[in-house]
Amino acid sequence: MPIIYHETSREFHLFNGTTSYVIGELVNGHMGQIYYGKRLRDRESFAHLLETTSRPISSDPLTEHCFSMEFAKQEYPCFGTTDYREAAYEIQQTNGSHITDFVYESHKIYEGKPVLQDLPASYVEDAAEATTLEITMKDQLLNLKLILIYTIYEGRPVITRSVRFENEGQETVRLEKVMSLNVDFPDNKFDWIQFSGAWARERTPVVRSLEGSGVTAIESMRGHSSSQQNPFVILKRKNTTEFDGEAFGFSLVYSGNFLAMADVDTFNTTRFMMGINPRNFSWKLEPGCQFQAPEVIMVHTKDGLNALSGSYHSLLQNRVARGYWRNRPRPVLLNNWEATGMEFTEDSIVEIASKGAEVGVELFVLDDGWFGVRTEESGLGDWYVDKRKLPNGLKGLVDRVHDLGLRFGIWIEPEMVNPKSDLFEKHPEYALMTPDRRKSLGRNQMVLDFSNPAVVDCIYDQLMESFQGIELDYIKWDMNCSISECYSPYWGPDRQGEVYHRYILGVYRLYEKMIERFPNMLFESCASGGCRFDAGMLYYAPQAWCSDDTDAIERIHIQYGSSYGYPISSWGAHVSEVPNQQAGRITPLKTRANVAYFGAFGYEMDLNELSPEEIETVKEQVKFMKQYRELIQFGSFYRLSSPWESNIASWMVVSPDKKEALVGVYLLKTDVNCGFTQLKLQGLASELDYKVDGDLVFGGDELMEYGLIPLIAAAHPKQNEYPYSRPMDLCGDFDSKIFVLKAE
Ligand code: DGJ
């Protein structure tokens, strides 16, 4: 049993092969945190690890003990007693008080992992994969229960946490803050890494030191997880690198407003917490009702950031993503958005799709513009086909695309409505907007009130009607407007603090309904690209359009940054035209593919505009991707050289048996007579010899310990050729190369 309860010390030890997490009851009955880190040998008590120094000018809840919550490391700290740091939760009672006192009541330990009602979460397929601990705490006065839920996986350095409140009392209370977890670390020698950005420059790693004191925080209040901040944070030790050292990861399995914060006190301890953003959150918990908070997936490693990422890749890919496409190589697709925008006809689409069929594409995706009276300011909310563009209906087009031997996929944006639409005219109350106030529009659209179940059902029914009799294989689910002036006409004034959370629960409900109806559908989530790219979404859609920026050089950064917390299979990556529509940059067709291979690969252009030579190249690219997609999308991924720190960016994937690997190298700008570079590879077998590009043979040990560049350069001297000293045999701005390694 990887969770032991020591009755005498009243301590819990959660452990697996790599990780230990120790919790114990404090003298006031609250739960204290004793240890989180590398696996420790079990013992009856670890209480000696808790520092219990008495300190002047602190308040003491139990006069007979010299004990203040201000200096106790806690599991789920409360507000307003003797702890003046951030609280993990706050509850307003009918008398106006926020003071609570949850003390240990009971616990249970069981094999497996519970499903979280209405929420995405990691799961097990076999109960033996994980063990769960539920500790029930009770506030006697309110007869309110707080369940602290922990699951430790057997073969992974992963612990998941969440909490649930159950109101067994007579009084209605208001949950004003419910964090999913709190971890009190005994020191502050951490770098905090967040993944920040904006539209088209998502998930750039930003490092902030926690040394010193005060609050470090990121959040979203947009109604979706956002491209500004991602609900994934790493705390790493100062000397931790990609390949070595300690780090802790926290990934919130949630797609709405969130908060992640570290509160470092003046005694050098770090309090980390993460969960639903408490701003504008107020949940009315009536007698007999429960509130379940979303889950946080925690990973601990001593082996560097690549190891931490690898654990997330494996868990998110295999135990968060679900369904038919979870472990299946993804089809090579062609999307018409950058080729046509909303301006197309049945014939123009078939012409684009035909060229796709010729080069070996497998799936054609019809993007925005096929429904309602769709323009940039109208149509959203009206999910019936626009017969002006598609006179033979969706079926007419789908049949022609199928006749080309392609599968068919379609774009939807179900959470939105344009003021110019039949839906808004008929049901203005279906949109989120504050009575008698100005309503801001984003992209000429408004967000539908998905906290109202009737709205979710209305959109579902419309979509089902439109898709009747059509064979669909893929749905791109877009979301292009943040929530503003949030107010639900459906809920009363006392429930408005629940709307943001209920909105995202409505999104999850529509996903569930669609998945139930189309169990083999490949869903790709999207929110103006990567504005809702989080672990919660992966539970419903195993891949996401991770950025609207399709420029190859920008994409190196975005995919590199995304890989810290998310697997390669979780993002779409497409080759698009040049000059690139977002960046205006011209990059070689080769490099555009060399970047897009590392994702769910496709094209986002009218291939008819390419020259015959380029079409031959595209055919080769599609063939290459089909040959290696299983390795790329489901192998072990390693970051080798950061585009923010080096002129040569690089990453690689290795097959599970370590017999095959691909290394992608990208020259960001040309470099003349440059210095030597050692590109040390990762994850190979030291004892195996690898043929590189079907040519030279190197030892796995050499490739990992010495590196790839000098060996390749030595074997192919170029010193008498112009230009001189090409790094990695690359030449010119934006050149790139994929090395194929095969064990002998
Ligand atoms: C935003 C998406 O990110 C694009 O790929 C495209 O689908 C447009 N929306 C369509 O409106």
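This is a predicted model: local features need pLDDT of at least 70, side-chain atom pairs count only at pLDDT 80 or more; totals for chains, interfaces and linings use all residues.

Author: Look for N480. One of its polar side-chain atoms lies 3.5 Å from a nitrogen atom of the ligand. Now find R443. Here a polar side-chain atom is 3.0 Å from an oxygen atom of the ligand. W411 also takes part. An N or O atom in the side chain of W411 is 3.0 Å from an oxygen atom of the ligand. How much of the ligand does the protein cover? On its own, the ligand has 290 Å² of accessible area, and the protein covers 98% of that.

Next, count the neighbours. The ligand is surrounded by 13 residues. D367, D368, K476, D478 and D548 are the closest of them. What kinds of residue make up this shell? Six are charged, four are nonpolar and three are polar.

The largest cavity holds about 90 Å³ of space. Its lining includes H30, M31, Q74, E75, Y76, P77 and C78. Y89, F102, M137, L146 and L148 are also among the lining residues. By class, the lining of the largest cavity has nine nonpolar residues, two polar and one charged.

Step back to the whole chain. The protein has 13 helices and 36 strands. Its C-alpha trace spans about 85 × 70 × 45 Å along the principal axes. Why does a radius of gyration of 27 Å agree with a compact globule? Because a compact globule of 744 residues would have a radius of gyration near 27 Å, and the protein has 27 Å.

Two spots in the backbone deserve a stop. The first topic is a peptide bond. V578 and P579 are joined by a cis peptide bond, with omega at about -10°. P579 sits in the loop between β29 (571-576) and α10 (589-596). The other topic is a phi angle. R10 is not a glycine, yet its phi is positive, at about 55°. You will find R10 in the loop that runs between β1 (3-6) and β2 (11-15).

Conventions
Residues are numbered from 1 along each chain as its sequence is written. Side-chain values use heavy atoms; hydrogens and water are left out. A residue is near a molecule or strand if one of its heavy atoms lies within 4 Å of it. A polar contact is a pair of N or O atoms within 3.5 Å; within protein, one must be able to donate a hydrogen and the other to accept it, and residues adjacent in sequence count only if both atoms are side-chain atoms. Accessible areas come from the Shrake-Rupley method with a 1.4 Å probe; for residues, only the protein chains shown count as cover. Ala, Val, Leu, Ile, Met, Phe, Trp, Tyr, Cys and Pro count as nonpolar, Asp, Glu, Lys and Arg as charged, and the others, Gly among them, as polar. On a 1 Å grid over the protein atoms alone, a cavity is a set of points where a 1.4 Å probe fits but cannot get out, and a pocket is an open set with protein on both sides within 12 Å along at least five of seven lines; lining residues have an atom within 4 Å of a point. Grid points are joined across faces, edges and corners, and a volume is the space filled by probe spheres set on the points. Helices (H or I, at least four residues) and strands (E, at least two) are DSSP runs, numbered from the N terminus. The radius of gyration is taken over C-alpha atoms; the globule rule is 2.2 Å times the number of residues to the power 0.38.
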